[in-house]
Amino acid sequence: MAELKVLFQDIDVPGIQTLEVYEQHGGYSALRKALGMTRQQVIDEVKASGLRGRGGAGFPAWIKWNGIPKDESKPHYVQCNADEGEPGTFKDRELMMRHPHQLIEGIIIAGYATLSKVGYIYIRGEYTEPARVMRRAIDEAYRAGYLGKNILGSGVDFDLYIHMGAGSYECGEESAMMSSIMGERGQPRLKFPHAPLPTIAGLWDCPTLINNVETLSCVPAIIRNGGAWYASMGTEKSTGTKIFSVSGHVNKPGNYEVEMGTPLMELLELAGGVKGKLKAVIPGGSSVPILPAEKCDVNLDYESLQAAGTMLGSGGFMVLNDTVCIVKFMRRTAAFYAHESCGKCTPCREGTRWMVKIFDRILAGGGRMEDIDLLLDICDQIDGRSYCALGDAAAWPIRASIKHYRHEYEYYIQHGHSMVEAQQSTRA
Amino acid sequence: MAEQELVTIEINGIELQVPKGEMIIESAKRIGVDIPFFCYHPRLGKGQAANCRMCLVEAGTKQPDGSVRMMPKPQTSCTLPASQGLVVFTDTVAIQKARRGILEFLLINHPLDCPICDRGGECPLQNNTLFYGPGVSRFVEEKRHLPKAFPISDYVVLDRERCIHCARCTRFSQEISGDAQLDFLKRGADMMVSTFYDTEFTSRFSGNTIELCPVGALTSRVYRFRARPWDMKSQKSICTRCSNGCNIWLDYRPNRLVRVLGRENEAVNEEWTCDRGKFGHEYISSDRRLLSPLIRKDGKFVTASWVEAYQLIASRVRQAVQEHGAGSVGAIGGAHLSNEEAYVLQKLMRVAIGTNNIDHRLEPNQPRATDGLFGRFGVPFTQNAIADIEKAKTIFILGSELVDEQPIVFLRARKAWFRHGAKVVIAYPEVTETELRFDEPVVLRYREGTESTLVNGLLHLVLASGKAVTDGIAQGEVQALRETLREYTPEKVAEMTGVETERLREAADLLGEGTVILCGAKVRNHPRYAETVHALANLTILTGNADRENGGLNILLPEVNSHGAADMGVLPDVLPGYARVDDDAARQRIEGLWEEKLPAEPGMSTQAMLEAAARGQMQVLYIIGEDIAQKYHDTELAQRALESAGLVVVQDLFLTETAQYADVVLPAASVAEKEGTFTNTERRVQRFWKAFNSPSPDVKSDLSIFTELAVYLGKSIPVFSAEQVMDEIGQVFPAYAACRYDNMPAEGVRVQASAVPSPQLVPVQTEVPAV
Amino acid sequence: MSEAIRLSEYPRVRRIDEKQPPELRFSEQAVQELERIKRHYPNKRAAMLPALWIAQREYGGYLPPEALMEVAYRLGTSYAVVEGVATFYTMYNKRPVGRVMLEVCTNLTCSICGGYEILHYLEQKLGIKVGETTPDGQFTLTEVECLNDCGNAPVMQVGDRYFGNLTPEKIDALLEELKQGNEHTVVQLADTVVKCHLSESERQDIERALANAQATNEARQEGQNG
Ligand SMILES: Cc1cc2nc3c(=O)[nH]c(=O)nc-3n(C[C@H](O)[C@H](O)[C@H](O)COP(=O)(O)O)c2cc1C
Ligand code: SF4
Ligand code: FES
C-alpha cells in the first residue's frame, strides 16, 4: 500500500517548476540523451516501455510515434492534449502546475523522434493557472536553448506553442482538437478507415502525433532509465504507473500515482478512506461505467478493469458513498454530455438531449416504468453509431447505472422521489 | 488518365469490382442496393460529412484464411472507401434497427407539418421514414421550438424547426460557392443553421441550398405554395440568363412555369445554377407578355394581325431598298436567339434584303470579328472548356467580377483552387466579390483602362524570368517583342497602372504552363480591346498555353448566345463560320451553298447603324430581342436613333422601352415555348426543348417570324424545323456538323477550333498608354 | 396563399456589404499580438480562437457582432464562420456580462460535494438566478461543467483563478474581496489567455513596437504643437 512515484518523483521538491531546480534534479538529461540517440532508438525505447496513452483510450504510444512518416515531405506536428475535461480528472492540471518542465522535455523528445519542428500544447481555456506556469517554463526553456532553433547545438529545431481552448469538452477528442487548433468549430473529423490516421494526415493534413499530457510526461523518465525499467513496473500489458485523480467522498482527495495493477481498495485507503459507506466507484472519469461497491475488489489496470465491466479511462476516480442518489447523479451525467455534444451527428445530438428530458420528467415525478427501457434503448441507439466516442461515453454510464441500480430508478418512478433520500430521512 | 485500380469487395454476399477508394454508398448502387442517406452528397467534401448516420452498414474485411473479421461498430457507407476484401452488409437486423433509431432521433424534433411543407412529396426525410422508419415515436416530451419559416433573402425561406443538421447547405456555401454565408451556430441540440446574425443571405448561389436541403428547412420564397411536385411536369432546358449555358429543368403546370431546378451536366454546371438562373425565368409566365402584333396608328398601338404586320414591314423595306439602297435597312440583335434563329435572321437580311447591316453586339467595343483570338488561335473567344479550368495550375482573372458575370465559370475556378490548389491572380480596378472567395489571391488593383499596360508589364517579367516558352516561335519575333517590351519595367508599369511592383512580381511568378486566363467585361468593353487581347495572346503563347487543355486565353461573352450569334454570322463583316464577306473565295463558297448572290461590302456595326439612324439615314431598323433603349452602352444614342429611324420594328416578349419607339411590335415566343440550340461561352452547343405553348396563338417563335417575313419580302427561306436548320448550318459551318440533333450527346458538343494558325507574336505598341 | 402574404410582411433582412471593410477597433497592442500569434500557424484562419480571445478583451468582456466582424476581417474569413466558432465555445460571451463572473461547477464530483448548495447560496446572496447579472452590473452567476479540479470540490472559477473547497464563509469573504476590486474578471481572463499564447520574446517585441509607435506619435504631436 504505497504510492510509486515516477511522474511525481520530484513533485514535492520546492521550486521544481523552475528550470534551475529541474535541471538540478536531472532535468533535460533525457533530452540530451535522446538527441544522442537515433530517432528510431528513441521510438524503440518507448516501445520497450510498453507505455500506453493516458488520455483515455490506452493506445500504445510507440505505435503512434512509429506511424509518423520518416521523411519530411510535409511538416510534422506534435499535438499535446492538455484539454483535460473528463469530469473527475485533474492529473494533467497538477502535472502542468507543478512539473511543467517534465512535460516540455517529453514533448521535445517526441518532436525529435517524429521529425516534428512544431508542437502545440492545447490547454483548455479554463486552465489559465496551469497555462501561466507552462508559459513561464516554455520561456525558460527557450532561453536555455532547449527550444527554438538548433536545440543544444544538435541541429534540431523545435518550436512549442500554447494554444488555448475556449470551453468545450469535445475539443479533448483528438480530431475535434485538430479542428479547434485550425480555428474551426470543435467538431470531430473522420477517422480511420474513413480517413487516414492523424499520424499520416492530422493538422493541416500533415502527420501529427497526438498524446496526452501524462503520456508525454512519462517520456523523460523512460528515456533516462530505459524502457525496460519502465516496463518492469505494473502488469504485463499495463506497464508503469498511473496517476489517479481521486475525488468525491474520500477523506484525502487528490492525485495519487500508483503502480498499474494496484488493488482498487488500496488506492481508496491511500486517499484517506471513504467518507461514510462506499456505494460505488467510477474509476476512469465520467465516461466509464460505474462500479458498485460489491465489485470494487479489482486491480487498477486496463485489463482488470475491463474484465470488471468498466475502464481505466483517464484515471478520474470518483468515489460515491451511500448518500448519493444514482438517478440524480446520472441525470447530471446525462446533462453534461448533452451540454457538450458538439451537435454534428444525429444520435448524440438528439439522443443525449432526449435522455435529459426523460430524466427531468422522472425527477419531476412524471416518470413511467417504460422510461427505463426507453433510456436503455436510446443508449443502444447512440452507442456505436455516433460520429465520435462522446456519444458512446454518454451511453455507457447510464446503461451501467440502470444495470446496477434499476431498483432506484423504479422506486423513483413509482414514488416520485428518490429512494436514497427517503432512506436517509427515515434514518435521520 | 491513369488506369484506375480496381478492388474486389462484397456487398450483401454479391462480389463486385469497384475502383479503389470509391465510397461504398456509391458501390452499392452498382448492384441496385439502396442505402438511405441524408447528409451525403457526392459533390460536397467528404471530410466533413457522415454526420446524419443514416447510411450505416456493417463492414468487415476478409482475412487470408477466408474468414471475415467484422468491425465492432457499424460504419457510415458514405465515407467508407472500397478496399480489397471489404465485406459489407447493408440490410442486417442490426442495421435496420439502427436506421429506425436514426429516423426516430431525427423526427423527435421535426415538426409534423408535411401537409403545408413545400418539400412534401419530394422530401428525403418523408421518403426514408416511409421505407425505413419506426411506426410510432416514443417521444412524449415537448418538441424543440424555433422561429418558423422566415425569409433570409428575396429567394430563400428558412424554417429552423425542420432542419435535420445534415450540413449540406453549410458545406455548399463553404466549399462550392465559397461565400460561407451559412454556418451552424451553437452546438449540441441547440445547434442551428444561420446567416451572420440573421442578415440577408446574399450569396449568388443561394438557390442551390434549397435543392440540397433534404427537408423543408430551406425553401424557395418564389415557388412557395405554388404547386405540389406531383402536379408538375418537367422539361429539359438551358438557362438563358448568361452565356454559361447551365442545364436546367423547367417545372411547369399547364402553360405556366413554376420553378427552375438545376440539371446535371458534368461538363458545364455539374448540377449547380446561380440565382439569376434559378429565379430569373419568372418573365416567361409574366402577365405582361405581348399576345399579338401591334402597329402604331396615330401615335397609339393597336392590335394587328400578323398579315398586316408583315405587309407593312415588307412594303417599307422594299421601298427603302428601292429608294435608298439595301444599306438603309439594318438589324440589331441576335444574342438571345437560338443558333437556328440567328442563322435564319442573318440569311434573311443578306439574302432577302441584300445587306450586311446586322450585328448582335451592344457593348461599346465592336471590333472586326476576325481580329482578336480568331486570327491567332483559330478560336473566336475561348480556348478552354469550362471543365478543364479545374485542372489549371494558375487562374488569372482579368477585368471581371466573375461571380456575377460568369457564375459557373467562377465555380470551376474556385473548385480549381479549393480542391486542386490552383493559384489565383485577380486583376480588377475595385474590390470584387470574386476575390473574397479565395484565400489571399494575388490581387492587382490596376487603374481602370490600363489593362494592356498591365499585361505587357507581366509579359516583361515573364520574358525577364527566362521561363518563357519560345519553342516553335521565330527567334526574331521573340527578340523583337523583348525589345519593344523593354520599357515595361515593373517600376514604370507600377506607376502607370497603380499596381505595386511586388504584386506584379508575385503575379508573374505564378504565370506559366497551365495558366487559364479569364477575361470579362472590363477587357471586352474597352476601346483598346484589341491591344489588350494581343498582349494577352502574346502572354498565352509565351507561357506555353497556346494549345493546352488546362491553360489558355478566354474572353468570356455576356449573353446566352453571344457566341452562337457570332458563329452564325450575326455580324456585319462575316458570314456563318467567320467567312469574311469581303473574302471572295469564302463568300462564294456560301453563295454556292445558298444559291444566292451575297453583298460583298461589310455592313454597319450596331454603333454605326445607330449613328446612321440618328442622322436620319436608316429607313428600317429591325430590333430583335434587345432593349437597346435601356441596355445599349450609349442609351442616349440608341434613343435618338430609334426616334429618327424610318420604320422601327421590335420583336420581343414584352413591350420594352425600346418597343415604345416601335412602329411595329412582333410578339415572340420564350425559350420555354420553342426548341433549338445555344452555344455557350466555352463553345458548347446544347439543345433546349419546348415545354409548353405560348400564352397566345398569336405569339410566334422567332424562327417562324423570320421565315414568314422572308416570304413577304419575296424570298422564300424554307424552314420546316429547327432541326433542319441545324443540318444546313452544319454544311455552311462544318464545325457545327457534329451538332445534328439526331446524334447530339446529352452533354452537348463543343464546337472545334478551325485549323490553328501557328501561334504568332504580335508586336506591341511601345507607347505606354497615358492614364 | 395566406402564408405567402405573411412572408412578404417580414421586414427586409439587413444586408451587409461584404466588400465594405467593417469598423476596426482593436488597439495597436491587439493588432501586434494578433500579428505574432498568426505566425504560430501555417494559415491565418488557425488564429481564430486566440483572435476571439483578443476580441473579447478588446470589446470589454463579450463579443458583439462588430467584434466578430473585425475578427473575420482580420483573418480573411466570412462573418458567419466566425459567428459559428464563437457560439460553439462556451467561454466566449455573446452578451454583455457583469464585471465579475462567478462560474460555479456543478458537475459530478462537485454535485455530490456541495456544488449546488454553493450555487444556491450565491443566488440568494446576490439576489439573482443562475445566468443573470446583478442590476448594478457587478456580478454574473453561471453554472459550468467540470472545471477539473475535483480534488478541491466544490470549485468555482472567477477570472483566471479557481477557488476550491468552497463554504458559505469562504464565499462571503471572497465576495467582499471581489467587490473591493475594480478589475473586469472576464477581460482579465481573456488577457491572461492571450498572454499565454505569446512567448517572452514576442511580448518584448510588442512592447518595443508599442514604445516606438508611441515615441513617433509624441514626436509628431510635438511637431504639430511646436
Ligand atoms: C469526448 C472525448 C473527450 C476526450 N477528452 C480528452 C481529454 O480531455 N484529455 C485527453 O488527454 N484525452 C481526451 N480524449 C482522448 C483523446 O481523443 C485521445 O485519445 C488522446 O488525446 C490521445 O492521447 P494518448 O494516446 O496519449 O492517450 C477524449 C476523447 C473523447 C472521445
Ligand atoms: S458523438 Fe457526434 S454529436 Fe457527439 S460529440 Fe461526437 S460527433 Fe459530436
Ligand atoms: S449519408 Fe452517411 S452519414 Fe449521412
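Modeller: The side chains of Lys415(B) and Glu390(B) are joined by a polar contact of 3.2 Å. A polar contact is a pair of N or O atoms within 3.5 Å; within protein, one must be able to donate a hydrogen and the other to accept it, and residues adjacent in sequence count only if both atoms are side-chain atoms. This is a predicted model, where local features need pLDDT of at least 70 and side-chain atom pairs count only at pLDDT 80 or more, while totals for chains, interfaces and linings use all residues, and side-chain values use heavy atoms, with hydrogens and water left out. Residues are numbered from 1 along each chain as its sequence is written, with chains lettered from A and ligands numbered from 1 in the order in which they are written.

Lys415(B) has another polar side-chain partner. Its contact with the side chain of Glu270(B) is 2.6 Å. Lys415(B) sits in helix H12 (residues 407-420) of chain B. Helices (H or I, at least four residues) and strands (E, at least two) are DSSP runs, numbered from the N terminus. Leave aside residues up to four places away in sequence, and Lys415(B) touches Glu270(B), Glu390(B) and His420(B). Contact here means heavy atoms within 4.5 Å.

Stay in chain B for a helix pair. H21(B) (residues 584-594) and H26(B) (residues 722-732) pack at an angle of about 145°, with axes 10 Å apart. Axes are lines fitted to C-alpha atoms, for helices over the stretch in contact, and angles run from 0 to 180 degrees between N-to-C directions. The crossing of H21(B) and H26(B) is right-handed. A crossing is right-handed if the near helix is turned clockwise from the far one by less than a right angle, and left-handed if anticlockwise. From H21(B) come Arg589(B), Ile590(B), Leu593(B) and Trp594(B). They meet Glu728(B), Gln731(B) and Val732(B) of H26(B). That contact has four nonpolar, one polar and two charged residues. Ala, Val, Leu, Ile, Met, Phe, Trp, Tyr, Cys and Pro count as nonpolar, Asp, Glu, Lys and Arg as charged, and the others, Gly among them, as polar.

Next, helix H9 of chain C (residues 185-197). Its partner in chain C is H2(C) (residues 28-38), at about 45° and with axes 10 Å apart. The pair is therefore oblique. Angles under 35 degrees count as roughly parallel, over 145 as roughly antiparallel, 65 to 115 as roughly perpendicular and the rest as oblique. H2(C) and H9(C) cross in a left-handed way. Gln29(C), Glu33(C) and Ile37(C) of H2(C) face Val194(C), Lys195(C) and His197(C) of H9(C) in this contact. Sorted by class, the residues are two nonpolar, two polar and two charged.

H9(C) also packs against H7(A) (residues 128-143), at about 30° and with axes 9 Å apart. So H7(A) is roughly parallel to H9(C). Their crossing is left-handed. H7(A) brings Thr128(A), Ala131(A), Arg132(A) and Arg135(A). H9(C) brings Leu189(C), Thr192(C), Val193(C), Lys195(C), Cys196(C) and His197(C). The tally is four nonpolar, three polar and three charged.

Now the ligands. Ligand 1 has 19 residues around it, the closest being Gly55(A), Lys64(A), Asn81(A), Asn212(A) and Thr215(A). Near means that a heavy atom of the residue lies within 4 Å. Oxygen atoms of ligand 1 come up against polar backbone atoms: 2.6 Å at Gly55(A), 3.1 Å at Gly85(A) and 3.0 Å at Glu174(A). Ligand 2 has 13 residues around it. The nearest are Cys342(A), Cys345(A), Cys348(A), Tyr387(A) and Cys388(A). The shell of ligand 2 holds seven nonpolar, four polar and two charged residues.

Last, the backbone. Most residues other than glycine have a negative phi, and most peptide bonds are trans. Phe192(A) and Pro193(A) are joined by a cis bond, omega about 5°. Pro193(A) lies in the loop between helix H8 (174-181) and strand S4 (208-212) of chain A. Asp205(A) is in the loop between H8 and S4 of chain A, with a positive phi of about 60°. In chain C, a cis bond links Ala153(C) to Pro154(C), omega about -5°. Pro154(C) is in the loop between strands S2 (139-144) and S3 (156-158) of chain C. In chain B, Asn255(B) has a positive phi near 60°. Asn255(B) is in the loop between strands S13 (247-253) and S14 (256-262) of chain B.
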